[in-house]
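Visitor: I'm new to this one. Can you walk me through it?
Guide: Happy to. Here it is.

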Amino acid sequence: MDADSLLLSLELASGSGQGLSPDRRASLLTSLMLVKRDYRYDRVLFWGRILGLVADYYIAQGLSEDQLAPRKTLYSLNCTEWSLLPPATEEMVAQSSVVKGRFMGDPSYEYEHTELQKVNEGDKVFEEEIVIDKAVAIIPRGALFKTPFGPTHVNRTFEGLSLSEAKKLSSYFHFREPVELKNKTLLEKADLDPSLDFMDSLEHDIPKGSWSIQMERGNALVVLRSLLWPGLTFYHAPRTKHYGYIYVGTGEKNMDLPFML
């Protein structure tokens, strides 16, 4: 959710129980504006909260003018002081992938594995955020547009999805570089608008049925929830510019979902 409209966004997402205390909201509102100014980001998103056993990690992302450029990730334990996480190396990814279980909530905590060296929890936070973000960061069709020269920008003319479009999974894209789209044939791409349909649609996600889509507040709000990553909520108010997503969970994937559908 965009830090510029944080309070409204938290209110729209509150139906899923993803709320924050008044003091945390106030701290986030102020500190994220400072992060945007100090790091000179085009936009700052409040990504969510990873629940730890001792403390929780609050996660934010900094975006450049090109919206699909690699995002910078920051974390905080108190919603006031933010630390920039370094890009994950292949070695960090390999080490973090063998670590299972809940986060402690202490960046200096070290996990041990018999076959690999110790893994710092700060590295694990970044890797877990990247994995979840690629799976559940969502954006409605038309909110971004791709220029003929390559960069992707915020569509200032976007006025929201219509009510009928808002009820379809095909109207929502993964907010990342496309993976499945590259495998489509020219015939399958014939009806796509290259300036708008340049990301992967949620309707093709595997397993089928991994998304729940519901209308709330008398059809004034559409809410998508991930069943594969419990705790992820996306919201959009049809016919308005208001949309966003937030993750509040333990960082654990629901591996039993294929057997539950």
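Guide: We'll take the whole chain, then a few residues. Keep in mind that this is a predicted model.

Visitor: What is the secondary structure of the protein?
Guide: The protein has 6 helices and 14 strands.

Visitor: And what does it span along its principal axes?
Guide: The C-alpha trace spans about 50 × 40 × 40 Å.

Visitor: How does the radius of gyration sit with a compact globule?
Guide: It agrees. A compact globule of 261 residues would come out near 18 Å, and the protein has 18 Å.

Visitor: How much of the protein is buried?
Guide: Buried residues are 46% of the 261. The accessible surface is about 13,200 Å², and carbon and sulfur atoms hold 54% of that surface.

Visitor: Which share of the contacts links residues 24 or more positions apart?
Guide: That share is 55%, counted among contacts with a separation of 6 or more.

Visitor: New topic: charges. How many are positive and how many negative?
Guide: There are 29 positive and 36 negative charges. Their mean positions lie 5 Å apart.

Visitor: Now S76. Where is it?
Guide: S76 belongs to strand β3, which covers residues 72-76.

Visitor: Is S76 buried or exposed, and why?
Guide: S76 is buried, because its relative accessibility is 1% and the cut-off for buried is under 20%.

Visitor: What does its side chain reach?
Guide: The S76 side chain reaches the backbone nitrogen of C79, at 2.8 Å.

Visitor: Which residues does S76 contact beyond its neighbours within four places in sequence?
Guide: They are D56, Y57, Y58, E81 and W82.

Visitor: What about N219?
Guide: N219 also has a positive phi, about 65°, and is not a glycine. Its place is in the loop between β11 and β12.

Visitor: How accessible are R217 and N219?
Guide: R217 is partly exposed, at 45% relative accessibility. N219 is partly exposed too, with a relative accessible area of 35%.

Technical notes
Residues numbered from 1 in each chain as written. Predicted model: local features only at pLDDT ≥ 70, side-chain atom pairs only at ≥ 80, totals over all residues. Heavy atoms only, no water. Helix = DSSP H or I, 4+ residues; strand = E, 2+ residues; numbered from the N terminus. Rg over C-alpha atoms; globule rule 2.2 N^0.38 Å. Buried < 20%, exposed > 50% of the residue type's maximum accessible area, 1.4 Å probe, protein only. Contact = heavy atoms within 4.5 Å. Areas by Shrake-Rupley, 256 points an atom, 1.4 Å probe, with all protein chains shown as cover. Lys, Arg positive; Asp, Glu negative; His and termini not counted. Charge placed at Lys NZ, Arg CZ, Asp CG, Glu CD. Polar contact = N/O pair within 3.5 Å; in protein donor to acceptor, adjacent residues only side chain to side chain.
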